[in-house]
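Colleague: I would like to learn how to read a few features of a protein model. Could you take me through them one at a time?

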Amino acid sequence: MDSPILLLALLVALVQCFPDDYHSHNSTRHHDYCVLGAGPAGLQMGHFLSKSQRDYIILERNSGPGSFFNIYPRHRKLISINKIYTGRRNREFNLRHDWNSLLSDRPDLLLQRVSRELYPDADSFPRYLSMYVKELGLKVQYGLDIGKIRASESESPRGRGYILTDQHGLDYTCRVLLVSTGLWDPQKVQFEGSDLVEGYESIPVDAEEYKDQAVLILGKGNSAFETAQSILGRASRIHLYSPSPVRLAWQTHYVGDLRAVNNELLDTYQLKSLDGLVEGGLEDIAIVRNGEDEKKCSGRKKKCRSSGKEKRGKLYLTLAELLDRSDGKNSSKVTATNLPAYHNDNFSLRQPYDRVIRCLGFRFNFSIFDGSARPPSSEGARGRLPGVTAWYEGRGTPDLFVLGTAAHSRDYRSSAGGFVHGFRYTVRAVHRVLELRYHSNSWPAIKLSISQLQSWLLRRVNEASGPYQMFGVLGDIVLLRGSHCEYLEEFPLQALPQFSSLSGHQLSKHGLLVLVLQYGLNRTDSLGPGRAESEWTRAWRSNFLHPVLYYYDTLPTERDMRHRPVGWPLPRPKAVHHMIEDFLTEWDGPISHSQPLRRFLEHCLHTDLRAFYAESCFHFSLTNRKPPLFCRQGYLRKHGVVRNSQLWQHAHEAGLMPGGQDSASPDIDPSFPDYLTRAGASVSSAVNLDF
C-alpha cells in the first residue's frame, strides 16, 4: 500500500524540479518579448516591461543573475564607483555618483544595501542583482542555454518574430527579441606562438604563482593593469605590450580607459623599478620558447605550461619575419639571429619571460545567430560588437534590439554606454521606442509654459543623471509650441532625424531645443594650469563637462547628421549656447549661468522671459497691449498677487483676472482692452525692455 503513495510523491517531486516549460519537449512557448540574458541590462529591461505589464520572459543560461561577475574581474574588484555620501538627498542627483545600481521605483533598491565600499567587491554585484529580481518580481527563467536563434519564416500579423532554441530542443518564439548577453568571448589575436600564451580568463589569481617571474602582458586596458597590479609585489618584472599607448580615463574622460585604481604600475615604470610599457603590433610578433628548455619539458609539456612553480622554458618575443619556419609552426629553434636584439642590441623586450598573458578584452558571441537573425559586426571597436541603429535595433534585423555592453558600438570610447551607469538609461530609451512601436504609447512628455522653461532646464542640468552619464548620446528635447512647450527627456541624439516616428511627437513651426551635456573639443592638459574656463563669456571654450543647448527651426536630416562637425554630437544648429563649465558641477549662478541662459532663450523664442513682481506686472498690464510673458502666464492667471489683498481686489474688480482664462493663450484677454478704455490708460503696442 505504501509503495504507490511513495512513487506518486516521487513523481510529484520530480515534476516540481523542472520548470513548467519542460512539461512537453514538443511544445513551443510564445512571449511578446524575449530578453536574452539576466545580466544588469536584461534585468533593467525586465523592470520596464514588468512595469508596463507586458508579456515577457528573461532567459538565462546560468543559475543566477549577473553570472559574468562571478568570474570577472578576475581579481574581484569593481572599478564602478559606489559613492554613497554626496551631501544630497536628491535621489536623481545621487545616481550621478552611483555607477552600479539599476533604475526602479524603489528608492532603497540600490547597491549600497549590499556594499558600502567605494569600489565594491565583484561578488556583491550578483547578490544585488538577485535582490533586484526578487524584490521586483521579475520573470527570469534560469538554466536555459540558448544555442540557436533564427528569424521566423512565417508571415503573420505579429510581424517577423524570432525563434530561440535551448539545450533541450525547446523553442521560444517572440515578437521582439532583446539581446543582453554582454561580452563573454575573450578577444584573441592569432600570431606565431599564440598557443604559448595564457588567457586572462584562465590565469592563476594567486600572486605567489608569479613569484620572481618575468611576465609579459599583451594589452594595456583595465584587465591588463588589474592583472599587473595583483602581481606587482611578486613578479621580478612586468612589461605591458600593445599597439596603442596607455590611455588614462582622467585624460580621455572615457571610463573604459585605464582607471587610477589599477595604475600603480605607472609609478614603477616611470620611477624605473623594472616594470614598463612598450608599443608594437600584435599580428606581426611571435612568441617562441628557448630550444633547450623546450627539450627539458618534452614529455611533460602540458604540466610545464600550466604551473608557474614548475621549471618552464623561457619565452621570447620576436618578429614572425625573423623566424625560420622550416620545422613547422611554433617549433622554430631560437637562435641569436631570430631575435630582434641581434639586429638592435637596445631592443626593449630582449630579455626572456617566464610567462606571457593575453589581456585583450572580450567580444560579442555571434555564433548563436543563424544568417536570418545575425546582426552585422560594428564598424568600430575592431568588429567586436554588433552593429546597431541609433535606437539600438540591429542593422538588418528588425525587431531585434541589442542592450547593455553589447550595444556600446553607438558610443564606443566616447561615453558610458558600455557600463551599468550608462546603459541603464539607454535601456529605458529602448523601452520607450518599444512602447510607441508596439503599443502606440508616445514618448513621455511634460507640458510647460514658456515662462517655466528656464527653471526646468536649470533643474535638469543640476539634477538629471541620464544626460550626465550618457553625455553626448542622450539629450533632452524641447518642442516649442508658442506660449508653451513639450519637454521630452533622454532621447538618443543620433536618432533625431527619426524623432517623430520614434517618439510619436510632431515638430511645430516654432522649432525645437536640444539640451546636451558634453565635454569640450579643446585639447588641454587635464591637470595643468589654464585647464578650465571661469568667465561665462568664454563658455564655448569649456573643456570639462558642461550643458550645451542647440536650437533648430527644423529637424536635422540624415545627411546633416552624417556631415556634422568632427566631435560634435549634433549638426550645426541655427543657434547654440554653452553654459560655462563649473568646478562644482552646479549651474545655478545668477550671473554666470542663469542670465546668459535666459538671454539665449529670449533670442530663440523672440519673447521676454524675465520674472517680475506683481506690482510690475500690474503696471505693464495698464500701459502695454501685450505685457511680458511672465505676467500673462502668471499675474493674469491670479499668480503672484495673492498676498496683496488691495491689489488683488482692484485687479479683480477691473476685470484683469477673469476666471478660466487659458494660460497657454498668447493673445490678450478680450476684456483687457475694454478695461483700458474705461481706465483711460495710454496703451503702447509692445513693451521695449532692455535685456
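The dialogue below takes up aromatic pairs, a cavity and a strand.

Modeller: Please keep in mind that this is a predicted model, in which local features need pLDDT of at least 70 and side-chain atom pairs count only at pLDDT 80 or more, while totals for chains, interfaces and linings use all residues. Residues are numbered from 1 along each chain as its sequence is written, and side-chain values use heavy atoms, with hydrogens and water left out.

Colleague: How many aromatic pairs are there?

Modeller: Rings of Phe, Tyr and Trp (its six-membered ring) pair if their centres lie within 6.5 Å, and planes under 30 degrees apart count as stacked, over 60 as edge-to-face and the rest as tilted. By this rule there are 21 aromatic pairs. Helices (H or I, at least four residues) and strands (E, at least two) are DSSP runs, numbered from the N terminus. Tyr33 belongs to strand 1 (residues 28-36) and Tyr438 to helix 11 (residues 420-439), so this pair ties together parts that are 405 residues apart in sequence.

Colleague: Are Tyr33 and Tyr438 buried or exposed?

Modeller: Buried means under 20% relative accessible area, exposed over 50%, and partly exposed in between, with a 1.4 Å probe and protein chains only. Both Tyr33 and Tyr438 are buried.

Colleague: What lines the second largest cavity?

Modeller: Rolling a probe the size of a water molecule over the atoms shows where empty space is left. On a 1 Å grid over the protein atoms alone, a cavity is a set of points where a 1.4 Å probe fits but cannot get out, and lining residues have an atom within 4 Å of a point. The lining of the second largest cavity includes Pro186, Tyr200, Glu201 and Arg358. Tyr200 is also a member of an aromatic cluster, together with residues including Trp184 and Phe362.

Colleague: Which residues lie on the two sides of strand 5?

Modeller: In a regular strand the side chains alternate between the two faces of the sheet. In strand 5 (residues 162-165), Tyr162 and Leu164 are on one side, Ile163 and Thr165 are on the other, and all of them are buried. Two strands pair if DSSP finds at least two bridges between them. Strand 5 pairs in the antiparallel sense with strand 4 (residues 148-151) over four bridges, where Arg150 stands opposite Ile163. Strand 5 also pairs with strand 6 (residues 171-179), again antiparallel and over four bridges, and there Tyr162 stands opposite Cys174.

Terms used
On a 1 Å grid over the protein atoms alone, a cavity is a set of points where a 1.4 Å probe fits but cannot get out, and a pocket is an open set with protein on both sides within 12 Å along at least five of seven lines; lining residues have an atom within 4 Å of a point.
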